[in-house]
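Dear colleague,

Please find the structure below, together with its sequence. My notes on it follow, and I would ask you to read them with the coordinates open.

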Amino acid sequence: HDVVQPSYPDARGAGRGDGGEEGGPASLAAALTAANRGPTARQQALPAVRRALRAGAALAPPHAGQILALCLEALASPDSPPEVRAHALATLRDLAQCAPDAFAPHADIALPRILDVLDDFEGAGGGHSEVALAAGDALDGIVEALPPSAALHALAPHLGGGGAAPVRCLTRTIARMSANTLMHDTPVLIPGLIEAFNSSSADVRKAVVDTLVGMYDVLGDWLLPQLSGLSPSQQKLVTIYINRAMDKPKAPAAARDTGGAGKRQDGETRVPLAARRS
């Protein structure tokens, strides 16, 4: 699918005349201070914060929490226009990308709010397309910035009821993980994936199948007994897609050390998963 980039308002010219060096630490501190002067000032501060982050401003310990609060207030306010909400989401993405260590402790707070924005657009249909695109971009950027295991644990609580977006992000996260790490974290994922597999949304169910195929690509046959909670028809569907994936030729660069996980031979075809015991 072609990726449509959200048309964020340009942050490059924001934050000038704030009394500090353009884009530097003083500029960031000034923008955060100005944000406390009211809703209008808060809206004007977001582009300045983004610009300072992209310029490499060093974050003092409280700054990440202040930026998070600024963004969440803009997202929660019913008076925030779509442009401001898009800026808030882009600021969360920039914070994660530019200062991942400072952002990481706040990921569990930020991700649910971003998923709420996506749910408003995809579920109720009442969201703004520019804001939804910004939310998707923020979710991708945050998950990419986190270490794979941290991203997995941040996504896991939202797999069952968070729509297709967190499941798709999980698929990309799994591709960055070693077999041993994913094997250790699999029990955290299975309950949410099973719940998502029972979603009424075909997009969510398809995303779950893609994720399970990706997990099998890393873990091999070790994964199969972990899927006993699926219904027989779900197990059959997963098997079909695993077989299709195994039939596709892979480039040498895509080869992965399974680290002792379930081995499989080239050309092997998976038998259907064992039916769930009643």
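I begin with a pair of helices: α2 passes α4 in a left-handed crossing. A crossing is called left-handed if the near helix is turned anticlockwise from the far one by less than a right angle, and right-handed if clockwise. Helices (H or I, at least four residues) and strands (E, at least two) are DSSP runs, numbered from the N terminus. Helix α2 covers residues 39-54, and it packs against α4 at an angle of about 25°, with the two axes 9 Å apart. Axes here are lines fitted to C-alpha atoms, for helices over the stretch in contact, and angles run from 0 to 180 degrees between N-to-C directions. The two helices α2 and α4 are therefore roughly parallel to each other; angles under 35 degrees count as roughly parallel, over 145 as roughly antiparallel, 65 to 115 as roughly perpendicular and the rest as oblique. On the α2 side the contact is made by Gln 43, Leu 46, Pro 47, Val 49, Arg 50, Leu 53 and Arg 54. On the α4 side it involves Val 84, His 87, Ala 88, Ala 90, Thr 91, Arg 93, Asp 94, Leu 95 and Cys 98. Contact means heavy atoms within 4.5 Å.

Two points on conventions are needed here. The model is predicted, so local features need pLDDT of at least 70 and side-chain atom pairs count only at pLDDT 80 or more, while totals for chains, interfaces and linings use all residues. Residues are numbered from 1 along each chain as its sequence is written, and side-chain values use heavy atoms, with hydrogens and water left out.

As to the chain overall, its secondary structure comes to twelve helices and zero strands. Of its 278 residues, 47% are buried, where buried means under 20% relative accessible area, exposed over 50%, and partly exposed in between (1.4 Å probe, protein chains only). Among contacts with a separation of 6 or more, 75% join residues 24 or more positions apart.

Helix α4 (residues 82-98) also packs against helix α3 (residues 63-76), at an angle of about 155° and with the axes 8 Å apart. These two, α3 and α4, are therefore roughly antiparallel, and their crossing is left-handed. From α3 the contact takes in Ala 64, Ile 67, Leu 68, Cys 71, Ala 74 and Leu 75; from α4, the residues include Arg 85, Ala 88 and Leu 89.

Beyond residues up to four places away in sequence, Arg 85 touches Ala 74, Leu 75, Ser 80, Val 117 and Val 131. Leu 68, in helix α3, is buried with a relative accessible area of 5%. Leaving aside neighbours within four places in sequence, Leu 68 is in contact with Leu 92, His 106, Ile 109 and Ala 110. The C-alpha atoms of Leu 68 and Ala 107 are 9.7 Å apart, although 39 residues separate the two in sequence. In the loop between α3 and α4 lies Pro 81, which at 33% relative accessibility counts as partly exposed. Its C-alpha atom is separated by 9.8 Å from that of His 128, 47 residues away along the chain.

A further helix pair is formed by α8 (residues 148-155) and α9 (residues 164-174), which pack at about 160° with axes 10 Å apart. Helices α8 and α9 are therefore roughly antiparallel, and the crossing is again left-handed. Here Pro 148, Ala 151, Leu 152 and Leu 155 of α8 meet Pro 166, Cys 169, Leu 170 and Thr 173 of α9. Ala 164, also in α9, is buried, with a relative accessible area of 5%. Outside four places in sequence, Ala 164 is in contact with Asp 203, Val 204 and Ala 207.

Lastly, the largest nonpolar core has 80 residues, and those with the most contacts inside it are Leu 89, Leu 139, Leu 182, Leu 189, Leu 193, Leu 212 and Met 215. Its largest share, ten residues, comes from helix α11 (residues 202-219). The core draws at least three residues from each of domain 1 (28-146) and domain 2 (160-249), with bounds taken from an automatic or database domain assignment. A nonpolar core is a set of buried Ala, Val, Leu, Ile, Met, Phe, Trp, Tyr and Cys residues joined through side-chain atoms within 4.5 Å. Leu 182 is in contact with Leu 152, Ile 174, Met 177, Leu 189, Met 215, Val 218 and Leu 219, leaving aside neighbours within four places in sequence.

With kind regards
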